[in-house]
Amino acid sequence: MPWSFLLLLTRRCPDQPTPPAARGNFLDEGLAIGIAHLLPNQSRLLDVGAGSGQYGAFFQDRLSRGLSAPNWTGVDGARGVEAFTETYGPPGARTRFVNLCDASAADRVGGVHDWTMTLAVGEHVPSRCLGTL
């Protein structure tokens, strides 16, 4: 099966304010738009290591405006991520806590997904758990 890779590079504007819910988590808008165009509209996307849910909020905003985007489910291994995203996140940003060392944990948050993405996560997962990632 041939594989295709899409690489989109964007630069963050230094004078652009970062909302409190996204500090420490960067949204690459070019990549997000590329994903929205690449995946079939409303396909189920699991974001492993979703952080503050910035990609979920982006996709939810697109869907609310009638634009193509996947239905996003975010999971992360950071304790307190659910309370944080529910309190501070914009609509669509809710990220669920899962133990990323448990290979079956993602199955318990929304069942089967059409696609899975993970962006800059491997370096944060303990080496003993990399086999499940």
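Let's start at Arg79, which sits in the loop joining β2 (71-76) to α3 (81-88). Helices (H or I, at least four residues) and strands (E, at least two) are DSSP runs, numbered from the N terminus. Arg79 counts as exposed because its relative accessibility is 74%; exposed means over 50% relative accessible area, buried under 20%, and partly exposed in between, with a 1.4 Å probe and protein chains only. Follow the chain 18 residues away in sequence and you reach Phe97, whose C-alpha is 6.7 Å from that of Arg79.

A word on what you are looking at: this is a predicted model, in which local features need pLDDT of at least 70, side-chain atom pairs count only at pLDDT 80 or more, and totals for chains, interfaces and linings use all residues. Residues are numbered from 1 along each chain as its sequence is written, and side-chain values use heavy atoms, leaving out hydrogens and water.

Now step back to the whole chain. You will find 3 helices and 4 strands, arranged along the sequence as α-β-α-β-α-β-β. Of the 133 residues, 36% are buried. The chain exposes about 8,500 Å², with 56% of that supplied by carbon and sulfur atoms; accessible areas come from the Shrake-Rupley method with a 1.4 Å probe, and for residues only the protein chains shown count as cover. Among contacts (heavy atoms within 4.5 Å) with a separation of 6 or more, 63% link residues 24 or more positions apart.

Finally, visit Val121, in the segment after β4 (115-117). Val121 counts as buried because its relative accessibility is 6%. Gly51 is 70 residues from Val121 along the chain, and their C-alpha atoms are 9.4 Å apart.
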